[in-house]
Amino acid sequence: WIPQVLSSTEEVVELYRELSRHPGLSTACLGPDVTTQYGGKYCSLYTEWSQRDLARAESIKFCRQYLIFHDGASVVYSGPAGTCSEIKDELLSRESPSGALKAVLRKVPGKEKEKEKQFLEIWDQNRKVKSIDLTALDKHGSVYDDDQFGCLAWSHSETHLLYVAEKKRPKVESFFQSKAPELGTSDEDTGHPKKEDAPLKVGSPCPGAGRGQWGSRGSDGTVLQGEQFVYHEDWGETLSTRSVPVLCILDIEGNSISVLEGVPEHLSPGQAFWSPGDTGVVFVGWWHEPLRLGLRHCTNRRSALFYVDLTGGRCELLSEDTKAVWSPRLSPDCCRIVYLENEALGPHQQCSRLCMYDWCTKQTSTVLEVVPRQAWGEYSPGGGGMGHRGVLSTTALILGAFPGIYCGALPGLCWAADSRRLVLDTAQRSQQDVFVVDTVTGTATSLTAGECQAGDRAGEGVVPAGLTPSSASSDAPQGSWSVLTIDRDLLVARFSTPSCPPTLRVAILPEAGREEQVRWVCLQDAPPVPGISWGIRTLQPPPEQEHPQYGGLDFDAILLRPSKGTAAQKPPLVVMPHGGPHSVFTAGWMLYPAALCRMGFAVLLVNYRGSLGFGQHNVASLPGNVGTQDVRDVQLCVERVLQEESLDAGRVALVGGSHGGFLACHLLGQFPNTYHACVVRNPVVNIASMVTTTDIPDWCLTETGLPYSPNSLLDPDQWSEMLRKSPMCYVDRVRAPVLLMLGEDDRRVPPKQGLEYYRALKARGVPTRLLCYPGNNHALSGIEAEADGFMNMVLWLLKHLQC
């Protein structure tokens, strides 16, 4: 007898519609403290959420406000203030340091055939006081609203705003352009102002600094000919409209915009903020010579921290110029800047250093070093501090062991009020936790260990039989946390689990040395989704699969399974390896796995060796071993789970995207008897053919174990090695039906990769289907594509697993 899996298309549509309504929490901002007539203090908390609107086929953003009453040591009362309201056309927004003003960058549709415009608005507490048409001022191209380069920073005096925009390009025309009569025309007739604001000059730190990227243009506004179709490099996936960023300053009183000159020509600036005293600007500069490589999810691009002095006319290097740096954050007392640092090149994401630059002494120090691997010791039941994580239920992490930093960015506000400690979140194996870091002692303390979560009450953390739980101890955190902001030691965080959508939590950061006494208050709860149980297991590779240089490494997997039904029922299994390959599944809310589990599938999320959160040795073990080590880890996990869990070994499917699709295609060919259906999204199938078309050619060589240099030509042996480690080598052995989903605008794994696999499978008579999504890039995150992809995935699995 085969247990029932939800198979009605109408019911699946309704299930997806229901689960997709759970909003994600993206932003939090605390207002200034207000003292009541009774002496108590409260502040407002502004939050932004995003939600899928399937009817409109778009992601909508909405805000909600809360009030938090506190006595400086604990939260006395908290609750919502008013209802949600949708936010329209906001690209960026930032409150001023005092909280009295707010700046908003807004896009406004153009009238009739006009292009979309950008306005910079200034609001006080009661009204909009300024609305500046940046497009009409024509000082620069579009303002950057991405989190890679973008910023919107108030000066400490609250008189100026700093942001990043695309450099203005000279006007170009054909050699054969008809000339309009020039008699009697004037600046007013042609719509040009008589006199432009002079650019803000800060001197040239090197010869040629500040020159135009696209050739000179005379002061008379000469139009360039023969430049219409010149190729302009961009920064790759999701940053295809970013080429030459410039720093821009708005004088709020004077309504004037200055484009900051003096940034060296070989750098692209971003992530900027005002220096202490507003004497200049601190920014991250990325080298773009000899060429730009894809920047999204690549924290290994050569970059450094710089300071531009507005009065002295110099550009000063503040960090090493041979590393990759990002996320600089200035302390409240304006004395220290912390930032994250990686090695340049190598794996795209790694274990990062936390570095600190002292503005007064001009000295740089390393606060937290790269962690080679976490320390392990004997299991200590009932201990405090960090949570326990079992290996065969006998050993655990040494209490207090810090896993290292693995995060895309520090919180925008991360400093405690003492300007000595800061908070951050990072993957700790298969969970994400919040830590407070003391920059003087270099210690990191968990702020989320010991939390008993709301999900426990609903039983979503029930560990399936046979699992080795990482969170079986009652005082260990179950789920994943992210810091949203900290201000005046009031902490705001997001928490979720695989069966509980994001919830909003607040706490007061205790004084130094007592951080473990932190008490979280749930401000906006989300009921756990019923019918899902989950747990984390740890696996050790067999001796013959150990890495010769990095022995003793282990890895994790998260298993979700339906909690309804009898033990005799054996649900089908969907295996999902993550992409990257240097990323990680953390035990948080994910729409696809939750929906599949609610349908009746068990879902296995595998954090094979090479994943983040397990130490730098774990990351370093994979390059040169893709297609073998990662494939064997996933297969070992699948075989172990099928042995130890009550699952249907005759109905096992693979689902993966990017490098997860690479692994799925490998597994189909290397272990054709295990898998009975497959769904892949933008998969890497042939590294050799990908290297010349992707925005990250260095990935193709690094992960294959080959040296990368932008100016070297590949030899036949290197081409062969890339092909040898690709799934295409095993395509003759594939028997399971394959559904491919491709984003037509994918710059990371161009759609020709999936098309190559589709044609190979079709030629060999393997049942296959190809879906192409226009307007979608590598993530396939468009609301319509995501929803259609889910339904097609489900129908494919139901058909070929005979559910």
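The secondary structure of the chain comes to 12 helices and 40 strands, where helices (H or I, at least four residues) and strands (E, at least two) are DSSP runs numbered from the N terminus. This is a predicted model, so local features need pLDDT of at least 70, side-chain atom pairs count only at pLDDT 80 or more, and totals for chains, interfaces and linings use all residues. Residues are numbered from 1 along each chain as its sequence is written, and side-chain values use heavy atoms, with hydrogens and water left out.

Of the 803 residues of the chain, 56% count as buried. Buried here means under 20% relative accessible area, exposed means over 50%, and partly exposed is in between (1.4 Å probe, protein chains only). As for contacts (heavy atoms within 4.5 Å), residues 24 or more positions apart account for 64% of those in the chain with a separation of 6 or more.

Helix H1 is a handy place to start with the helix pairs. The axes of H1 (residues 9–20) and helix H4 (residues 591–599) come within 10 Å and cross at roughly 140°. Axes are lines fitted to C-alpha atoms, for helices over the stretch in contact, and angles run from 0 to 180 degrees between N-to-C directions. H1 and H4 are therefore oblique to each other; angles under 35 degrees count as roughly parallel, over 145 as roughly antiparallel, 65 to 115 as roughly perpendicular and the rest as oblique. The crossing of H1 and H4 is right-handed, a label that goes with the near helix being turned clockwise from the far one by less than a right angle, while anticlockwise gives left-handed. On the H1 side, the contact is made by Val-12, Leu-15, Tyr-16, Glu-18, Leu-19 and Ser-20, and on the H4 side by Leu-591, Tyr-592, Ala-594, Ala-595, Arg-598 and Met-599. Sorted by class, that comes to nine nonpolar, one polar and two charged residues. For these classes, Ala, Val, Leu, Ile, Met, Phe, Trp, Tyr, Cys and Pro count as nonpolar, Asp, Glu, Lys and Arg as charged, and the others, Gly among them, as polar.

Eight of its nine residues are buried, so H4 is largely enclosed by the rest of the structure. The buried residues of H4 include Pro-593, Leu-596 and Cys-597.

H1 has another partner in helix H12 (residues 783–800): their axes come within 11 Å and cross at roughly 140°. H1 and H12 are therefore oblique to each other, and H1 passes H12 in a right-handed crossing. Thr-9, Val-12, Val-13 and Tyr-16 of H1 make this contact with Glu-786, Ala-787, Phe-790, Met-791, Val-794 and Leu-795 of H12. By class, the contact has eight nonpolar, one polar and one charged residues.

Next up are helix H6 (residues 629–644) and helix H7 (residues 659–670), whose axes come within 10 Å and cross at roughly 70°. That makes H6 roughly perpendicular to H7. Here Asp-630, Val-631, Val-634 and Gln-635 in H6 meet His-659, Phe-662, Leu-663, His-666, Leu-667 and Gln-670 in H7. The class count is five nonpolar, four polar and one charged residues.

Now for charges. Side chains of opposite charge can pair when their charged atoms come close. The structure holds 41 salt bridges, each being a side-chain nitrogen of Lys or Arg within 4 Å of a carboxyl oxygen of Asp or Glu. One of them joins the side chains of Arg-488 and Asp-33 (3.2 Å, N to O). This pair links distant parts of the chain, 455 residues apart: Arg-488 is in the loop between strand S29 (480–487) and strand S30 (490–497), and Asp-33 is in the loop between strand S1 (24–30) and strand S2 (34–35). Arg-488 counts as partly exposed at 35% relative accessibility, and Asp-33 counts as partly exposed at 30%.

Arg-421 forms a salt bridge with Asp-418, with the closest N and O atoms 2.8 Å apart. Arg-421 counts as buried at 3% relative accessibility, whereas Asp-418 is partly exposed at 35%. Asp-732 forms a salt bridge with Arg-764, where the closest N and O atoms are 2.4 Å apart. Asp-732 counts as exposed at 61% relative accessibility, and Arg-764 is partly exposed at 43%. Finally, Lys-323, Glu-341, Glu-343, Arg-353 and Glu-369 are linked in a network of salt bridges.
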